[in-house]
Amino acid sequence: MKFKMRISFSVIVVLVSISVIFTYATVEYDFNGGYISINNNGAAGTIETQNPYVYGSDSDNSVSAWVMTLDGSTSTRFAQAGWRKVSTWSSPKYFYEYAYWDNQTWYTKDLNTATTGSNNDFKVGCDSSTMYFVINDTSVGTVSLSTIPFSRNAVEIMGETHDTNDQCLGSVTNPVSIGNAQYKTTSNSWISAIYNKYTSQTLSTMKNNISVNGSTNWEIWDSRY
Amino acid sequence: MKKLFVILTPILLIGSLAISVLASNGNKIGSEVPSKETIENAPNTITTGIIDSSINISAAEDSIEEILKNPNFKNHGYLAKQITQSVALNKMDTIAAVKNIQGESELKFAKKVTSVLVNFTDTETPQLPSEIVLKDYPVWIVTLHGINVKTRFGTILADKNVIIDANSGEEIESFSYPSVE
């Protein structure tokens with residue numbers, strides 16, 4: 001009798017544990033790509049557009065790939081440009097976004113459809129007064145640095161997902177290509193740069209081939225696809 | 001004792017799974033949407049054959065002032081003028097187009113949906129890659145007020161403006177900023 005009781009309780013504990021793990025594993029932000037911790041005036045790179053699977057039917061979920069300059073000490077101060085796909089969209093679109101949440105500044109803009117399979121140049125960079133958002137050498141937006149006065153101490157070029165079920169971003173046979181990685185120095189020169197490898201600590205299906213010494217060109221993919 | 005266990009075990013199992021499902025929804029980023037009750041009790045909600053009745057669309061024609069209530073519209077260099085020419089799309093066709101483009105859930109979760117027919121100028125991105133020049137261009141601005149948007153730093157309450165070509169029904173662009181209501 002006591003043995004059966006223990007078995008029953010064990011089964012309950014295991015089931016509860018599994019369901020709790022499932023609960024907390026489904027929703028999370030994950031990133032896959034390269035970064036450099038350095039004072040800068042911008043980031044740039046060429047990113048292939050693909051049309052990944054985005055989990056869910058709510059339009060608040062999305063998958064994206066972008067270049068970004070940021071204050072690496074917080075997630076609330078950044079400027080980025082790239083492409084993204086919201087779960088309710090049939091195909092991805094170009095976008096740019098910036099935030100300085102210290103003063104409640106957050107803004108995002110989606111432009112026209114980004115053609116799947118195309119390679120596009122994305123750039124976020126500033127001069128002494130203005131941050132520019134540039135897609136394929138066309139400035140699509142600007143913001144005054146006084147609106148986003150953060151310390152630009154890191155650059156990143158990454159894929160981003162918000163749910164463990166999202167595809168980030170390519171597949172084993174057709175990974176998303178990222179190349180021509182650059183950053184803008186504080187003396188305002190764009191230079192080719194070696195980005196360091198970053199992969200999700202929690203989602204092992206996110207893969208990239210940035211070497212241990214860093215890379216200027218690389219691929220990212222989702223090993224489930 | 002054994003009978004008690006036979007009864008309690010399935011109850012505990014179902015209960016724990018139910019709790020985890022509820023926790024999952026509660027934990028989901030972006031789940032802080034207005035309740036269905038809030039949406040259904042909102043004023044001016046109308047029903048059409050195309051649009052779900054739970055979408056809170058104002059029945060009256062919306063004025064330009066509706067989008068200017070959020071100072072971010074002007075602050076980002078957008079201009080809207082009273083339209084003078086006739087256009088192909090009416091209000092409900094436009095809402096239906098936005099529903100197809102953005103997804104019904106976003107419209108449903110909006111605290112309010114307004115649509116204004118204007119000549120639109122985007123001083124920030126006047127020349128789109130699609131070669132449309134956004135200077136006094138006839139559009140419907142459909143604003144989804146008070147939607148939840150996932151950002152890198154969590155979910156925020158935002159107003160999303162979807163710019164629809166008033167003649168072709170194509171989406172031209174969309175932009176979002178924090179809600180002020």
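Analyst: This is a predicted model, in which local features need pLDDT of at least 70, side-chain atom pairs count only at pLDDT 80 or more, and totals for chains, interfaces and linings use all residues. Residues are numbered from 1 along each chain as its sequence is written, chains are lettered from A and ligands numbered from 1 in the order in which they are written, and side-chain values use heavy atoms, with hydrogens and water left out.

A nonpolar core is a set of buried Ala, Val, Leu, Ile, Met, Phe, Trp, Tyr and Cys residues joined through side-chain atoms within 4.5 Å. Buried means under 20% relative accessible area, with a 1.4 Å probe and protein chains only. The largest nonpolar core has 58 residues, and A:Ile47, A:Phe133, A:Tyr195 and B:Phe120 touch the most other members. A second, separate core has 28 residues, including A:Ala99, B:Leu89, B:Trp140 and B:Val162. In soluble globular proteins, nonpolar side chains tend to be buried together.

Contact means heavy atoms within 4.5 Å. Beyond its neighbours within four places in sequence, A:Ile47 is in contact with residues that include A:Trp66, A:Trp83, A:Phe122, A:Ile157 and A:Ile178.

As for the setting, 57% of the 225 residues in chain A are buried, and in chain B the share is 50% of 181 residues. Among contacts in chain A with a separation of 6 or more, 66% join residues 24 or more positions apart; for chain B the figure is 61%.
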